[in-house]
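This briefing is meant to be read with the sequence and the structure side by side.

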Amino acid sequence: MPNLKEIRNRIVSVGSTMQITSAMKMVSAAKLKRAQDAVTKLRPYAAKLKELLQNLSAVTDPSENKFAKINDSKSVLIVAVTSNRGLCGGFNNNIIKRVQFLIQNDFKENDVKVLCLGKKVKDVIKKTPNYFITEELSAVEDIFSDLTFDRASTIANELMELYKQQQFSKIVVVYNRFVNAATQAIETEQFLPVLEVKQEEGVSVAQDYIFEPNKEDLVGLLIPKSLKIQLFKALLDSNASENGARMTAMHKATDNANDLQKSLKLSYNKARQAAITNEILEIVGGAEALNN
């Protein structure tokens, strides 16, 4: 059994750790509220834009759009979205596992490159230079330090430019979709080429349109805007999911530290009582020896 000083030092250490985890939980909870509001406000706009494109696709040939044409390149780009910091449970590890699964299974016959939005996935992917994309895209390194639509649009524009140059035949985005503070769903969305939006059963689509400007110009304006919104929504979802995962992880860590501290205090009291009992026995034994 460790001595009293060691147990006392461990109690102090666990208490300090519990204060840190509790503070991080409160900070993440405050950030989560803002991040959750941002993504929930964007979702109706993104859904309405999708509905508009759905109506437009009923009267437009997708092959007329340069972002819908499939090129002959054998390369695939995976845009992996993680956080810059850890201490958020399996948030980052789940994305890394999904990227590795896609490389080894779905895209095993392709030349795969990975664009890392977040330092955690970059630390893993850069160990395999064959997969890590070395092009320095604007605002990629620290996108979550100042997450704005303008910075996300810059990345989306450069991704679209890479596709127009036929460097990649497909671009997919892997990120955590925010469900609630304790739940995140891993999503693998195709960014390019643009998939034709299929009409849902029972949903009527108006097809009598008068276009001003013409259909090609209108599609050329709407689809890039839709792609920027799609990427920005993925980043907002990931940001909200990160704060939710960190808040949940720190809540569990605080509870575990509290339980450990209680256990250590019980061990400390037992050890102290045993030491007191031994001292009493020694005193009584010494007194008996003197009397005899």
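Which residue in strand 3 stands opposite isoleucine 78? In this predicted model, the residue of strand 3 that stands opposite isoleucine 78 is valine 172. The points below begin with the whole chain, move on to the sheet and its helices, and end with a single serine.

**The chain as a whole**

- The protein chain contains five helices and four strands, and when these are read along the sequence they follow the pattern α-β-α-β-α-α-β-β-α.

- The four strands form an open sheet, in which their order is 2-1-3-4 and the pairing is mixed.
- At the edges of this sheet are strand 2, which covers residues 111-117, and strand 4, which covers residues 183-192, and each of these pairs on one side only.
- From one strand to the next, the twist of the sheet averages 25 degrees.
- Strand 1 (residues 75-81) and strand 3 (residues 170-180) run parallel, and five bridges join them.

**Helices packed on the sheet**

- Helix 2, made up of residues 91-106, packs on the sheet and touches strand 1, strand 2, strand 3 and strand 4, with a direction that makes about 150 degrees with that of strand 3.
- Helix 4, made up of residues 149-164, also packs on the sheet and touches strand 1, strand 2, strand 3 and strand 4, with a direction that makes about 45 degrees with that of strand 4.

**Serine 169**

- Serine 169 is found in the loop that lies between helix 4 and strand 3.
- Is serine 169 buried or exposed? Serine 169 counts as buried because its relative accessible area is 14%, and the cut-off for being buried is under 20%.
- The side chain of serine 169 reaches the backbone oxygen of serine 73 at 3.1 Å.
- Leaving aside residues up to four places away in sequence, serine 169 touches several residues, including Asn71, Ser73, Lys74, Ser75 and Val76, together with Tyr163, Leu192 and Pro193.

Terms used: Residues are numbered from 1 along each chain as its sequence is written. This is a predicted model: local features need pLDDT of at least 70, side-chain atom pairs count only at pLDDT 80 or more; totals for chains, interfaces and linings use all residues. Side-chain values use heavy atoms; hydrogens and water are left out. Two strands pair if DSSP finds at least two bridges between them. Helices (H or I, at least four residues) and strands (E, at least two) are DSSP runs, numbered from the N terminus. Axes are lines fitted to C-alpha atoms, for helices over the stretch in contact, and angles run from 0 to 180 degrees between N-to-C directions. Contact means heavy atoms within 4.5 Å. Buried means under 20% relative accessible area, exposed over 50%, partly exposed in between (1.4 Å probe, protein chains only). A polar contact is a pair of N or O atoms within 3.5 Å; within protein, one must be able to donate a hydrogen and the other to accept it, and residues adjacent in sequence count only if both atoms are side-chain atoms.
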